[in-house]
Amino acid sequence: MDQKLYGLSHIFMTIFLHNLSSYMVLPAITDVTMAALCPGKDECSLAIYLTGFQQAMTGLGTLVMMPLLGNLSDKYGRKAILTLPMSLAIIPLGILAYSQKTKFFYVYYVFTTLISMLCEGSVLSLALAYVADNVTEGRRATAFGILSGIGSAGFVCGTLSARFLSTSLAFQVSTVIAVIGAAYMQIFLRESIIDHNLSTPLISQGKLVTPKIDGKPKSNMHLFNALRSFHDLTSFLNTSLIITQAAIIAFFSNLAEVGLHGSLMYYLKAQFRFDKNQFADLMVISGIAGTVSQLILMPILVPTLGEARLLSIGLFFHCVHMFIYSIAWSFWVPYAAAMFSVFFVFSQPCIRSIVSKQVGPHEQGKAQGCISGICSVAQIVSPLAFSPLTALFLSERAPFNFPGLSIMCIGIASMVSFIQSMMVRVVPPILS
C-alpha cells in the first residue's frame, strides 16, 4: 500500500507540473495569435480558422495515437510511454519563450500542431491508467476526481501566474517548469505495472530492449500490432452497451468542449474586448471552483449519488453555462457562468471511471486510450462545424446580430451528451 501511495503522490505531482506549465501560457495565446496575424484588431477570422485547423489536425492525429499509446503502455509500462509527451511539450513553449514575432509564431504553430497530433491528451490518459493500476474499483471514481482536482489546481496556479507575468516571461517560466516536470517524472515516478511477465520492458537500464521470438527481433511485429489501433478502437466500442453509451457521451461532450475552447476567447475579445488579464481572471474563477468541487465535493457525492447520476448532473450544468455565455449581455456575465464549473467538472472523471470499471486490470491503458481516441474524433469534427460559424457571426458579414450563436450551438451538442447520460445503467464492474 505504501508503494501505491508513493506512486500516486508522484503521478499527482507530475500532472500538477504539466498543467501548471501548459495553462500558464493559455490566457496569452489569443493575444499572441492576434498580434502575429492581425495586429491592432479585435476580430480576426484568420486566427479563428488557424485555431480550428490546428484542432482538427490534432484530433486526426490523436485518433490514431491515443489507442496506440494506451496499448503500448499496457505492454511496456505507463512511465516509459509518458516520457514522450512530457518531453515533446517543452519544444513549442521554448519557441515562444525565445520570441513572439510573426515568423516565430508560425514556427511555433507548426511544431505545436505536429506534437499535438502525436500526443495531445496522452498525459492525462496515461495518468488515469496509472491511477487505475493502483486503486480498487470501489475507490476509482474518487481517485479520478482527485487526479482531476490536482490538474485543476495546476490550472488555477498557472492562470493565476499568467495574471501577474508579462507574456514573454510567462512563456519562459512555463518552459522551465515543463523541463522540471519531465525531469521529476523520470526521477521519482515508479512503474505501476508489476506483472512483468506480460511483456518485455521497453527500456531496461537505460537501453532500448528489442523483444525476440526464436532469436529474431519482434519489434516489427509489435509495430504492426500497434498500428491496428482502429481495429482496437472499434472492437473496444462493441465490448458492452455501457462502453458504447460512454463513447457517445464522451464524443458529444468533447465536441462541445473543443468548440467552446476554440471559440470562446475570440467571442469575448470581440464582444467585450477581453485581453490576457481578463482571460486569466475567468480561468482562475473556473479553476478554483472546479478544484474545490473535485477535491471536496466529489468524494462525498460519488458514494451517495453514484457515478452515472453525477455524470448527468455535470453534463446538465455544462449545457447551462454554455447557454449563458452565448447570451452574455454584460462583461460580468462570463464570470458568473464560470462558477458553474463547480458542477460540470464531475463529467469527465465519471466517464473515465465508468469505462475503467468495465475492463480488466491489464486493459486500463487500452480503455483510456480508446476513449481519448473517441474524443479525438470530436476534435476533428468540432472545428469544422463551429469555427466557420464563429468567424461568420463575429464578422461584419453576419446575416443577423447574434455573436454568441456558435456558443449556443455548442451548448446544444452538450445537451445531446446529457440526454444520453440519462440512459446509462451501470452494471457491476469486472473485478481485478
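**Notebook: loops, salt bridges and a nonpolar patch**

I began with W332, which is found in the loop between α14 (307-326) and α15 (333-338). Before going on, I noted that this is a predicted model, where local features need pLDDT of at least 70, side-chain atom pairs count only at pLDDT 80 or more, and totals for chains, interfaces and linings use all residues. Residues are numbered from 1 along each chain as its sequence is written, and side-chain values use heavy atoms, with hydrogens and water left out. For the helix labels, I kept in mind that helices (H or I, at least four residues) and strands (E, at least two) are DSSP runs numbered from the N terminus.

H362 lies in the loop between α17 and α18. H362 counts as partly exposed, because its relative accessibility is 44%. From H362 to A129 I read 9.6 Å, C-alpha to C-alpha, for residues 233 apart in sequence.

Next came the helices on either side of that loop. Two packed helices are described by the angle between their axes and the distance between the axes. The axes of α17 (residues 347-356) and α18 (residues 364-393) come within 10 Å and cross at roughly 135°. That makes α17 oblique to α18. Axes here are lines fitted to C-alpha atoms, for helices over the stretch in contact, and angles run from 0 to 180 degrees between N-to-C directions. Angles under 35 degrees count as roughly parallel, over 145 as roughly antiparallel, 65 to 115 as roughly perpendicular, and the rest as oblique.

**Salt bridges**

How many salt bridges does the structure hold? I found five, each being a side-chain nitrogen of Lys or Arg within 4 Å of a carboxyl oxygen of Asp or Glu.

One of them joins K269 to D31, with the closest N and O atoms 3.0 Å apart. This pair links distant parts of the chain, since K269 sits in helix α12 (residues 241-272) and D31 in helix α2 (residues 26-37), 238 residues apart. K269 counts as buried, at 9% relative accessibility.

D133 pairs with R78, the closest N and O atoms being 2.8 Å apart. D133 lies in helix α7 (residues 122-134) and R78 in helix α4 (residues 78-88), so the pair ties together parts that are 55 residues apart in sequence. R78 is buried, with a relative accessible area of 2%.

I then turned to R163 and D281, whose side chains meet in a salt bridge at 2.8 Å, N to O. R163 is in helix α8 (residues 140-164) and D281 in helix α13, 118 residues apart. R163 is partly exposed at 28%, and D281 is partly exposed at 23%. Back at R78, I saw that salt bridges with shared partners join D74, R78 and D133 into one network.

Last, I looked at I288, which lies in helix α13 (residues 276-305). I288 is partly exposed, with a relative accessible area of 43%. With V292, L295, I296, L297 and I300, I288 makes a nonpolar surface patch of about 490 Å².

For patches, residues need over 30% relative accessible area and no salt bridge; like charges are joined within 9 Å, and nonpolar side chains (Val, Leu, Ile, Met, Phe, Trp, Tyr) within 5 Å. Accessible areas come from the Shrake-Rupley method with a 1.4 Å probe, and for residues only the protein chains shown count as cover.

Definitions and conventions: Buried < 20%, exposed > 50% of the residue type's maximum accessible area, 1.4 Å probe, protein only.
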